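Subject: Structure handover

Hi,

Here is the structure for you to look at. Please open it first, then read my notes below.

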Amino acid sequence: MEKDAAFILLDLGQGGHRLIVVPERIAQRAKDYQMQFDKWLAAPEADHGYWVTAPDGTPALCYDGAEAFVKWLNTHILDAEEKPAYVVPTLYF
């Protein structure tokens, strides 16, 4: 793991968890960043590619929580000089 990096264990619900690596400053305020991400994600005007149309015409969100959060951090929060956040691959035995 890189210097000044930290782990965050994301609870994806329904018993799912993913481990991500982020700069330490992000981990220290993880809950704040989660709330910012949730607000951005749910905004109807957000052009993030996660909106789909359900068969009845209702707009719905469709995304992988860990991948979307990491992409948002790398695109909207982290500076170009910082190491990007990433999802730690899951190992199945």
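Start with the largest pocket, which has a volume of about 260 Å³. Keep in mind that this is a predicted model.

What lines the pocket? There are 13 lining residues. Leu10, Asp11, Leu12, Gln34 and Phe69 lie nearest the centre of the pocket. The elements that give two or more residues to this lining are β1, α2 and α3. β1 supplies the largest share, five residues. By class, the lining has nine nonpolar, two polar and two charged residues.

Next, the core. In soluble globular proteins, nonpolar side chains tend to be buried together. Here the largest nonpolar core holds 19 residues. Ile20, Val22, Ile26, Phe69, Trp72 and Leu73 touch the most other members. β1 (5-13), β2 (16-23), α2 (30-42) and α3 (65-77) each supply at least two core residues. Which element gives the most to this core? It is α3, with seven residues.

Two of those names come back among the aromatic rings. The whole structure has six aromatic pairs. Phe37, Trp40, Phe69 and Trp72 form one aromatic cluster.

Leaving out residues up to four places away in sequence, Trp72 touches Tyr33, Gln36, Phe37, Trp40 and Ile77.

Best wishes

How values were computed: Residues numbered from 1 in each chain as written. Predicted model: local features only at pLDDT ≥ 70, side-chain atom pairs only at ≥ 80, totals over all residues. Heavy atoms only, no water. Phe/Tyr/Trp six-rings, centres within 6.5 Å; stacked < 30°, edge-to-face > 60°. Core = buried A, V, L, I, M, F, W, Y, C linked by side-chain atoms within 4.5 Å. Buried < 20%, exposed > 50% of the residue type's maximum accessible area, 1.4 Å probe, protein only. Helix = DSSP H or I, 4+ residues; strand = E, 2+ residues; numbered from the N terminus. Contact = heavy atoms within 4.5 Å. 1 Å grid on protein atoms, 1.4 Å probe; cavity = no way out; pocket = protein on both sides within 12 Å on 5 of 7 lines; lining within 4 Å. Points joined across faces, edges and corners; volume = space filled by probe spheres on them. Nonpolar A, V, L, I, M, F, W, Y, C, P; charged D, E, K, R; others polar.
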